Amino acid sequence: MKKIFNGLFYILKFILLIAAFGLTLFILIRMNTRLSKSMVSIIPELIPYVLLLIVFIINMLFKQEGVTKNLFYNLTCSLALFTIAFACYRAMFDSNLVLATKYGYNIDFNFFDNFIAYIKILIYGLIFVNILFMFKYKEKKQVTD
Amino acid sequence: MKKILLDYINIIGYAFTGLIFGLTFFLLFINFYHFEELKYETDMTSFNATTKADIESKLQTIKNNISVYDQSTYTGNNNIYGLNNVKIKLESCVEAIESEEMMNYFNDNEISILDTYNLLRTYNNKILNNCLVMQVKAMFNSAAVATLPNYNIIKPYVDLNADMLITSLSYVENNLENSDHFYYTTSNNKNNFFNIVDDSYYEIIGNYQDTLDLLVLISDWYRTVVTGG
């Protein structure tokens with residue numbers, strides 16, 4: 001059972017990472033287009049996603065079981081990325097957010113802007129924890145005659 | 001030694017994962033709660049019906065008052081440019097109040113936060129800006145209107161009230177715009193202190209009624225001027 005859930009959340013975290021990244025990128029591009037700002041300024045907001053993807057790939061390539069078979073970590077990752085995707089979804093589609101309609105962009109940049117700090121806290125936190133879980137003590141195999 | 005160190009690192013890892021898990025749940029729940037809070041709708045059927053009847057009756061009074069003047073039949077001594085000016089400006093205000101865009105709000109039965117905000121924006125643009133500032137305040141600054149009887153008595157009163165009406169809804173607007181941020185209202189708060197949808201709506205309509213009362217007062221003054229009462 002644990003194995004099935006772990007496998008599920010392991011795949012889910014990749015899908016949600018792509019979804020959260022895509023939605024964040026879309027909103028940030030719209031924000032910068034609106035303000036006629038250079039697209040270079042959105043890079044710092046996207047770095048955490050790239051770093052998280054890199055550590056996920058490292059986990060996968062080096063078969064780091066401390067992370068890949070850690071149900072709690074995979075669950076937390078999925079939840080955190082789902083929360084980010086949900087906040088982005090609300091900024092775009094929640095019609096009851098009054099400022100979404102005010103400037104005619106149909107995206108509530110104000111609401112999203114409040115969430116950027118949380119996105120960074122969550123993703124940098126996940127990267128930090130991932131690095132901690134990479135180190136795992138391996139028992140030396142005893143050679144018996 | 002290495003094993004103990006790695007065990008500690010693992011414990012720290014789990015502790016931080018727990019913290020992130022907690023923060024994530026907090027953010028997720030507050031998002032759902034906020035989402036549900038903003039979906040709140042209130043039934044304004046009877047209030048809207050009363051308000052609409054009230055507005056229509058006040059509009060009728062204004063129309064009756066300004067209809068007493070007709071330039072082609074007027075035989076009084078007052079400055080006809082001033083009288084024409086007041087009539088045109090008041091007619092513009094009546095047109096704005098009677099506009100479909102404004103009146104449609106009173107046909108809604110269920111009012112959401114977005115309806116309240118849209119009403120406020122339309123009211124600000126159509127009535128406060130286009131009527132009070134562009135018509136009424138401009139009218140009382142015109143030299144022709146200044147020649148009309150009792151101008152010196154009514155002008156300070158109109159200026160004071162108009163200024164008050166123009167600025168008095170800014171806190172309601174700020175409140176409504178701040179509802180986009182996560183906030184921690186409770187049912188108790190909503191019932192006893194400030195319900196952002198209901199109370200903002202009542203505030204806007206209250207201000208709207210005050211504006212109409214001011215226009216009725218101006219039209220009463222105008223009637224007195226024309227009829228020479």
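What percentage of the 145 residues in chain A is buried? In this predicted model, buried residues account for 36% of the 145 residues of chain A. The secondary structure of the chain consists of six helices and zero strands, and the order of these elements along the sequence is accordingly written as α-α-α-α-α-α.

The overall dimensions of chain A were considered next. Along the principal axes, the C-alpha trace of chain A extends over about 80 × 35 × 20 Å. With regard to the contacts within chain A, when those between residues at least 6 apart in sequence are taken into account, 76% are found to join residues at least 24 apart.

Chain A is also in contact with chain B, and this contact involves 31 residues from chain A and 27 residues from chain B. On the side of chain B that touches chain A, at least two residues each are supplied by helix 1 (2–38), helix 5 (113–140) and helix 8 (170–178) of chain B. Of the elements of chain B, helix 1 gives the most to this side, with 17 residues. When the residues on the side of chain B that touches chain A are grouped by class, 15 are nonpolar, seven are polar and five are charged.

Notes:
Residues are numbered from 1 along each chain as its sequence is written. Chains are lettered from A and ligands numbered from 1 in the order in which they are written. This is a predicted model: local features need pLDDT of at least 70, side-chain atom pairs count only at pLDDT 80 or more; totals for chains, interfaces and linings use all residues. Helices (H or I, at least four residues) and strands (E, at least two) are DSSP runs, numbered from the N terminus. A residue is buried if 20 or more other C-beta atoms lie within 10 Å of its own, exposed if 12 or fewer, and partly exposed in between; C-beta atoms are placed from the backbone. Two residues are in contact if their C-beta atoms, placed from the backbone, lie within 7 Å. Ala, Val, Leu, Ile, Met, Phe, Trp, Tyr, Cys and Pro count as nonpolar, Asp, Glu, Lys and Arg as charged, and the others, Gly among them, as polar.
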